[in-house]
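Work through the exercises below with the structure open beside you. Try each task before you read its solution.

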Amino acid sequence: MDKIIKILNFTAAGFICLTIFFGYNAAYDVNYFVAHIYIALIAASLTILGQVAIFFYLLATGASIKEAFHEYKIDFGRDALKETREFKKKVFPFAMFTILLTIAVTALGGAVHTGVISRHIHGVVAWCTVCCTIFSTFNAGKCFKKNKSLIIKVIEVTALHNQAMEGKTVQN
C-alpha cells in the first residue's frame with residue numbers, strides 16, 4: 001500500500017510539472033492555456049488525494065498496532081505506539097502544508113486569470129508545491145519503512161500468540 005501512495009504522489013508531482021510547462025506556454029497558444037487548466041485540475045486532485053492517503057495510511061496502521069497492543073498485551077507495544085506517534089509528528093505537518101499549497105496555487109491560478117496577481121507569483125508557488133510534494137513523499141517513505149517493520153513485528157507476535165492459544169486448545 002505504501003508503494004501505491006508513493007507512486008500516486010510522484011505521479012501528482014509529474015502532473016504539476018506538466019501543468020507548469022503548459023502554464024509557461026499558455027501565453028503563446030490558447031490550446032496550451034486550456035491544457036494548463038485541465039491538467040492543473042488533475043494535478044491538484046492527485047496531489048490532495050496522495051497526501052490524504054499518507055494521513056489515512058499512518059492513521060490506520062497506527063490504529064491496528066494499538067488494537068493489537070490492547071488485545072494481545074504485546075511487550076514492545078508501548079514503544080511501538082510512541083513510534084507511530086513520532087511518525088505522525090514527522091509526516092503530517094508536511095503533508096498538510098502540501099495540501100494547503102496545492103489549494104493556494106489553484107486559487108492563485110484563478111487570481112492570475114482575472115488579473116488580480118502576477119503570473120510569476122503563481123509560478124513560484126507552483127514550483128514550491130512540486131518541491132513540497134516530493135519532499136513530503138520522501139519524508140513519508142522513510143516513516144513507511146519503519147512503520148512496516150513495526151507492523152511485521154506485531155504480526156509475528158500475534159501469530160505466535162495465536163499458535164500458542166491453538167496449542168493450548170488442542171492439549172485441553
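Lys and Arg count as positive, and Asp and Glu as negative. A patch takes residues with over 30% relative accessible area and no salt bridge, and like charges are joined within 9 Å. Keep in mind that this is a predicted model.

**Exercise 1. A charged patch**

Task: Find which residues form the positive surface patch, and which helix gives the largest share.

Solution. 
Step 1. Look for Lys and Arg, since these count as positive.
Step 2. The patch is formed by Lys66, Lys73, Arg78, Lys82 and Arg85.
Step 3. Helix H3, residues 77-113, supplies the largest share, with 3 residues.
Step 4. Take Arg85 as a test case. Arg85 sits in helix H3. Its relative accessibility is 47%, so Arg85 counts as partly exposed.

**Exercise 2. A salt bridge**

Task: How many salt bridges does a search of the whole structure find? Which residue does Glu86 pair with?

Solution. 
Step 1. Side chains of opposite charge can pair when their charged atoms come close.
Step 2. The search of the whole structure gives 1 salt bridge.
Step 3. Glu86 pairs with Lys89, and their closest N and O atoms are 3.8 Å apart. The cut-off is within 4 Å, so the pair qualifies.
Step 4. Check the surroundings. Glu86 is partly exposed at 39% relative accessibility. Lys89 is exposed at 59%.

**Exercise 3. Aromatic pairs**

Task: Are the planes of Phe21 and Tyr32 stacked or edge-to-face? Which helices hold the two residues?

Solution. 
Step 1. Start with the count: the structure holds 7 aromatic pairs.
Step 2. The ring centres of Phe21 and Tyr32 are 6.3 Å apart, and the planes stand at 85°, so this pair is edge-to-face.
Step 3. Phe21 lies in helix H1 and Tyr32 in helix H2, residues 30-72. The pair therefore ties together parts that are 11 residues apart in sequence.
Step 4. Phe21 is partly exposed at 42% relative accessibility. Tyr32 is partly exposed at 29%.
Step 5. Now treat Phe94 and Phe135. Their pair is edge-to-face, 4.9 Å centre to centre, with 75° between the planes. Phe94 lies in helix H3 and Phe135 in helix H4, residues 119-171, so the pair ties together parts 41 residues apart in sequence.
Step 6. Read their accessibility. Phe94 is partly exposed, at 37%. Phe135 is partly exposed, at 44%.
Step 7. Finish with the grouping. Phe21, Phe22 and Tyr32 make one aromatic cluster.

**Exercise 4. A nonpolar patch**

Task: Which residues make the nonpolar surface patch of about 470 Å²? Is Tyr38 buried or exposed?

Solution. 
Step 1. The patch of about 470 Å² is made by Val30, Val34, Ile37, Tyr38 and Leu41.
Step 2. Locate Tyr38: it is in helix H2.
Step 3. The relative accessible area of Tyr38 is 55%. The cut-off for exposed is over 50%, so Tyr38 is exposed.

Terms used
Residues numbered from 1 in each chain as written. Predicted model: local features only at pLDDT ≥ 70, side-chain atom pairs only at ≥ 80, totals over all residues. Heavy atoms only, no water. Patch = residues over 30% accessible without salt bridge, like charges linked within 9 Å, V, L, I, M, F, W, Y side chains within 5 Å. Areas by Shrake-Rupley, 256 points an atom, 1.4 Å probe, with all protein chains shown as cover. Salt bridge = Lys/Arg side-chain N within 4 Å of Asp/Glu carboxyl O. Charge placed at Lys NZ, Arg CZ, Asp CG, Glu CD. Helix = DSSP H or I, 4+ residues; strand = E, 2+ residues; numbered from the N terminus. Buried < 20%, exposed > 50% of the residue type's maximum accessible area, 1.4 Å probe, protein only. Phe/Tyr/Trp six-rings, centres within 6.5 Å; stacked < 30°, edge-to-face > 60°.
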